[in-house]
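Q: I'm new to reading protein structures, and I'd like a close look at just one part. Please pick a piece of this model and walk me through it slowly, along with whatever it touches.

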Amino acid sequence: MILNIEKKKKLVEKISNFTKKAQSAIIINFSKITANEINSLRKKSSKKDIIIKIIKNTLLKISIKNTKFECLKKKIKGPTLIAYSIKHPGSAARLFKKFEKKNPNFKSIVGSFEGKIISTLELSTMPTYKESIIKLINFLKEICIIRLIKIINIIKNKKQNKIIN
């Protein structure tokens with residue numbers, strides 16, 4: 001598809017808007033992936049608040065200029081697909097990790113989170129909000145149980161001291 005200058009400006013503006021909303025971004029080289037596989041990936045991604053775009057590298061570099069994803073500029077080479085995670089920073093990385101297992105030719109290059117380059121493996125292991133809350137609750141339960149055990153031991157020791165005396 002040939003784009004005139006006006007269409008290119010609109011496309012750059014559209015990608016820039018996604019960049020402002022996104023929490024993280026991942027760059028993927030899709031050279032060995034079929035169109036059907038990319039379409040199935042897009043369907044899965046739309047359900048998980050992930051925006052996937054295939055855009056020319058020069059336009060992508062322009063659209064991420066002066067944003068938190070500018071650190072990805074040097075990594076943009078070859079046929080590039082960019083995925084933005086809107087709600088959770090690790091959602092795109094998790095989706096691609098599952099997709100990589102089924103499609104060995106599919107390789108995610110690198111991701112960006114909070115203005116820093118980060119591996120897709122690190123992004124995929126980030127806990128969701130729900131998982132973080134569960135971990136916090138379990139941690140607080142453990143602390144309460146440990147405190148209770150300490151208090152019971154203190155009471156037990158005091159009772160034993162009274163019996164001895």
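A: Let's take helix 4, which has 12 residues and reaches 18 Å from its first C-alpha to its last, close to the 16 Å expected at 1.5 Å a residue. That expected span is 1.5 Å times one less than the number of residues in the helix. Helices (H or I, at least four residues) and strands (E, at least two) are DSSP runs, numbered from the N terminus.

Before we go on, please keep in mind that this is a predicted model, in which local features need pLDDT of at least 70 and side-chain atom pairs count only at pLDDT 80 or more, while totals for chains, interfaces and linings use all residues. Residues are numbered from 1 along each chain as its sequence is written, and side-chain values use heavy atoms, with hydrogens and water left out.

Now look at which side chains are tucked away. Ser91, Ala92, Ala93, Leu95, Phe96 and Phe99 of helix 4 are buried. Here buried means under 20% relative accessible area, exposed means over 50%, and partly exposed is in between (1.4 Å probe, protein chains only). The buried residues of helix 4 pack against strand 1 (24–29), helix 2, strand 2, strand 3 and helix 5, where contact means heavy atoms within 4.5 Å.

One of those partners is worth a visit. Ser124 sits in helix 5 (residues 120–124), and Ser124 counts as buried because its relative accessible area is 8%. Setting aside neighbours within four places in sequence, Ser124 is in contact with Gly90, Ala93, Arg94 and Lys97.

Arg94 brings us to charges. Side chains of opposite charge can pair when their charged atoms come close. A salt bridge is a side-chain nitrogen of Lys or Arg within 4 Å of a carboxyl oxygen of Asp or Glu. Arg94 makes one with Glu131, with 3.1 Å between the closest N and O atoms. Arg94 lies in helix 4 and Glu131 in helix 6 (residues 129–164), so this pair ties together parts that are 37 residues apart in sequence. Arg94 is partly exposed, at a relative accessible area of 25%, and Glu131 is partly exposed too, at 33%.

How many salt bridges turn up in a search of the whole structure? The search finds three. Among them is the one between Asp49 and Lys87, whose closest N and O atoms are 3.4 Å apart. Asp49 is in the loop between helix 2 (35–47) and strand 2 (50–54), and Lys87 is in the loop between strand 3 (80–85) and helix 4 (91–102), so the pair links distant parts of the chain, 38 residues apart. Asp49 is partly exposed at 31% relative accessibility, whereas Lys87 is exposed at 60%. Lys73 and Glu70 also meet in a salt bridge (3.6 Å, N to O).

Ile133 has its place in helix 6 and is partly exposed, at 33% relative accessibility. Together with Tyr129, Leu136, Ile137, Phe139, Leu140 and Ile143, Ile133 forms a nonpolar patch on the surface with about 680 Å² of accessible area. Patches are made of residues with over 30% relative accessible area and no salt bridge: like charges are joined within 9 Å, and nonpolar side chains (Val, Leu, Ile, Met, Phe, Trp, Tyr) within 5 Å. Accessible areas come from the Shrake-Rupley method with a 1.4 Å probe, and for residues only the protein chains shown count as cover.
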